[in-house]
Amino acid sequence: GRGGGGAVAEAKRQVQRETLARWQAKARLDKVKAAQRAGERAAKLGEKGGEVLALDDPRLADRPGFCLACAHESCRWASPIDAAAVQERRKVLSSELHFARVNATAESLDSYVPLSAMRGGVTRFRRQDLVEALQKEDTLMKKYQDLHAMDKELHDTYAAPGEYVEVGSIHGYRSLMWVGEAKEALGRLRDKIISETLVEELVDDILENMLEGWAFGERESDFTVAGYVPSIKADGVVRTGGEQRAAAVVAEDREAAKASMRREEGFKGFDEETKGSPRSKQNDVEEDAQSRLFREKTERELTDKDHHIKETETSLKFGAFLLALSYFKAMTHVAREKASWAGKDDRMDSVHVRPVTQERRVMVAEQKAAEGRRMDAHKAMQRARKGEEQRQKRRDAAQAVVHKKYLLETKAASDRKFGCISMQKLYRGHIGRKAAHRWAMKKAELEAMLALMNASANTLQRAFRGFVGRMAAAEARAEMAEFIAMMRMEETAAEEEDYWRENWLQRWRRDYDEFFATASNVLSNAEALHFNTRIPRLPVQS
């Protein structure tokens with residue numbers, strides 16, 4: 001039994017050694033491939049100038065700043081996104097989402113945060129639409145951050161000199177992985193995020209192109225740059241979408257720089273490129289300014305008018321409600337106080353004064369005496385209650401001392417019991433682990449024997465089932481051959497019957513020949529029989 005258990009343990013160790021050897025071989029192969037790729041990148045960088053060393057160059061040991069991923073003396077990795085801007089945008093989106101969720105009763109909200117509003121769209125949204133738009137953009141910003149983290153970790157993985165690397169952007173927590181597997185997983189996830197963001201940006205650019213091309217109706221463009229602008233893009237036209245937005249930002253920055261320069265040089269507000277006298281230029285500027293101010297004033301007046309109308313309507317409704325509420329409260333109060341305000345059941349009314357009788361005076365005196373006795377009894381009860389409270393305090397103090405002593409004794413007993421239980425637990429755990437170790441060895445031996453018996457039984461069953469299967473297959477083939485022969489005979493008979501049915505003349509001729517052939521045979525048999533009856537037969541001697 002023990003010899004079998006040792007063999008099983010040795011087999012397990014052998015399997016572990018083989019697995020470790022395969023992992024090491026795979027890691028070395030991945031390292032060689034990474035070195036080849038880095039060498040190719042180094043060759044490309046070498047064409048551009050600068051000293052580039054091979055990854056197996058011994059001089060790299062003296063240059064600790066060398067980047068294996070970039071194959072250069074200094075790391076040239078750059079983030080694919082503006083991480084600070086993306087993080088700031090996510091904060092703005094989170095704040096606006098909180099505002100939309102807090103106002104759960106509102107049907108529509110005004111917001112300039114969504115991307116559609118920033119691109120010149122409407123700023124009033126249904127609350128659910130606003131939440132969905134903000135969540136969608138927040139998801140896109142999260143993908144950008146994941147792309148930044150995965151690209152950085154992929155670069156660090158290619159730059160790692162060891163066989164394993166720590167990765168945290170795949171699962172959301174830090175974990176150790178083999179370098180080859182980390183490269184494959186990070187590259188696959190990075191490509192997935194790049195494809196998703198590319199599709200979203202492509203769809204946005206297509207919609208922007210359709211919007212600028214008046215596919216959804218005529219509208220005034222919000223972009224200041226379109227078409228062929230050599231000062232911004234010299235090798236083609238500025239395409240609609242992200243490229244047009246970037247070009248518009250560049251043009252606006254240039255105009256702002258020019259305006260700042262003109263203000264510094266003492267520019268008074270006239271455009272030198274426009275022909276005309278300074279007076280006419282000033283008139284044009286003034287007219288544009290007055291027109292813009294008039295439009296803004298008109299829009300503001302209309303908005304304020306609607307606001308005042310809504311506030312007035314709300315105030316009138318609330319005032320009518322308060323008036324109705326006050327009316328019903330007054331009616332209820334009048335109905336409740338009607339009897340008291342009418343003077344009913346009063347001891348003195350405005351007509352006459354009721355005289356006080358002797359009996360009434362006696363009753364009042366008795367009431368005063370009863371009130372005096374009640375006050376004396378109340379004072380006595382107060383003194384008795386105070387004495388009872390003092391006695392109760394003394395009893396409570398004594399009980400508290402007894403209770404504290406009981407608690408201390410109980411705690412000491414509980415500590416002793418806990419100590420005993422801990423000692424027993426440790427000893428029983430030791431004994432249990434020893435027994436579990438023995439049973440584990442025995443279980444391994446039993447499992448090995450069971451595996452051997454199962455393998456033997458499987459071999460016997462395989463051989464016997466193969467024999468039975470071959471016999472059954474032979475019988476099935478014989479039955480199939482008989483069935484096919486019978487089917488062929490039936491088909492032949494059916495085809496012959498169809499032929500004679502279609503060729504009735506040949507069939508009639510066949511039947512005619514068969515009839516006369518049968519008749520001649522019958523006559524021949526009859527003559528032979530007659531001849532045989534005429535010949536005498538000799539007796540047979542025994």
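This is a predicted model: local features need pLDDT of at least 70, side-chain atom pairs count only at pLDDT 80 or more; totals for chains, interfaces and linings use all residues.

Q: Ok, take Arg174. Which residue does Arg174 form a salt bridge with?

A: Glu153, with the closest N and O atoms 3.1 Å apart. Arg174 sits in the loop between strands E3 (164-167) and E4 (175-178) while Glu153 belongs to helix H4, so the pair ties together parts 21 residues apart in sequence.

Q: And is Glu153 buried or exposed?

A: Glu153 is buried, at 12% relative accessible area, which is under the 20% cut-off. Arg174 is partly exposed at 49%.

Q: What about Asp415 and Lys411, where do they lie?

A: Both are in helix H9 (residues 358-502), four residues apart, about one turn of the helix. Lys411 is exposed at 52%, and Asp415 is partly exposed at 42%.

Q: Switching to pockets. Which residues lie nearest the centre of the second largest pocket?

A: Leu115, Arg119, Met141, Tyr144 and Glu201, out of 14 lining residues. Helices H3 (115-118), H4 (127-159) and H5 (179-212) are the elements that each give two or more residues to that lining.

Q: How much space lies in there, and how do the lining residues divide?

A: About 410 Å³. The lining of the second largest pocket has six nonpolar residues, no polar ones and eight charged.

Q: Back to charges: which residues are linked in a network of salt bridges?

A: Lys143, Glu196 and Glu200 are linked that way.

Conventions
Residues are numbered from 1 along each chain as its sequence is written. Side-chain values use heavy atoms; hydrogens and water are left out. On a 1 Å grid over the protein atoms alone, a cavity is a set of points where a 1.4 Å probe fits but cannot get out, and a pocket is an open set with protein on both sides within 12 Å along at least five of seven lines; lining residues have an atom within 4 Å of a point. Grid points are joined across faces, edges and corners, and a volume is the space filled by probe spheres set on the points. Ala, Val, Leu, Ile, Met, Phe, Trp, Tyr, Cys and Pro count as nonpolar, Asp, Glu, Lys and Arg as charged, and the others, Gly among them, as polar. A salt bridge is a side-chain nitrogen of Lys or Arg within 4 Å of a carboxyl oxygen of Asp or Glu. Buried means under 20% relative accessible area, exposed over 50%, partly exposed in between (1.4 Å probe, protein chains only).
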